[in-house]
Amino acid sequence: MSLVETVDQVISNAFVFVDALQDEAEFRTEALHLTSAGRVYLPFRNGEGLSFAPAKFIGYRNNDFDTYRIEVNERSGGTARAAISRVYGFDAQENDDLERQLENYCDALGVPLHNNRHSFWLTEDATRGIQRDRSAIADYDSNAQHNDDPEYRKRMAGSYVRNQKVRNAVLARAGGKCEYCQEVGFRDIRGKSFLEAHHVIALSEQGVDKTTNVIALCPNHHREAHFGSQWQGLQDQFLKILKKLDL
């Protein structure tokens, strides 16, 4: 069993892990158990928000669940943690904000988070994802550039759990193209077109967490929708697009 040696290997394993959490995935049961029972996690950017991958899975090189099933009894979470810490150059640590996000993440998956002490690698993704005075996008910290429009700030206040199934359905509907500008997103490390799911009417404004209120956007237009001076005009255009898609 070879341990990870690069960040790319860690992140690749993390995406393999979250892919197994999809509804029809063959290894969903194992992935759900590992998510709820883990002790040390890598929080990483997965579209709109953070996903959490446990060390015991992502710490071994070129990992997949067939291999995991064979080796599970020989694997050590502590050994995996040490390998990942060597890769990043720092160890995982406890964090109250990420603890709450992990709880929300497990709730959204429908599994209870075990009452363990949890630690996290505070990577750049994790730091950005910590929930302090969050906007509806749920992936920028309070030191980021925000839209100063007071009406915008009032409407976007709050933090809400999103349904991963809705996000997946919207991204599948988009087929790799921004549903606003029709440009193909850049290729992520899995070779897939990268888009982000955006709630047009924020959940804090009683917007529904359904595909009729969520649009797939390229990163540029997603940020403009939150931070641009013309956000209201974009919102109106997004609603018109979604209305046509729902016909």
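Select Phe17 to begin: at 0% relative accessibility, this residue counts as buried, where buried means under 20% relative accessible area, exposed over 50% and partly exposed in between, with a 1.4 Å probe and protein chains only. The model is predicted, so local features need pLDDT of at least 70 and side-chain atom pairs pLDDT 80 or more, while totals for chains, interfaces and linings use all residues. Residues are numbered from 1 along each chain as its sequence is written, and side-chain values use heavy atoms, without hydrogens and water.

The structure holds 14 aromatic pairs. Rings of Phe, Tyr and Trp (its six-membered ring) pair if their centres lie within 6.5 Å; planes under 30 degrees apart are stacked, over 60 edge-to-face, and the rest tilted.

Phe17 belongs to helix α1 (residues 7-19) and Phe57 to helix α3 (residues 55-58), so the pair ties together parts 40 residues apart in sequence. Helices (H or I, at least four residues) and strands (E, at least two) are DSSP runs, numbered from the N terminus. Phe57 is buried, at 0% relative accessible area.

Next, select Tyr41 and Phe52. Their ring centres are 6.4 Å apart with planes at 85 degrees, so the pair is edge-to-face. Tyr41 is in strand β1 (residues 40-46) and Phe52 in strand β2 (residues 49-54), eleven residues apart. Tyr41 is buried at 0%, and Phe52 is buried at 1%.

Finally, show Phe17, Phe27, Phe57, Phe65 and Tyr68 together: they form one aromatic cluster.
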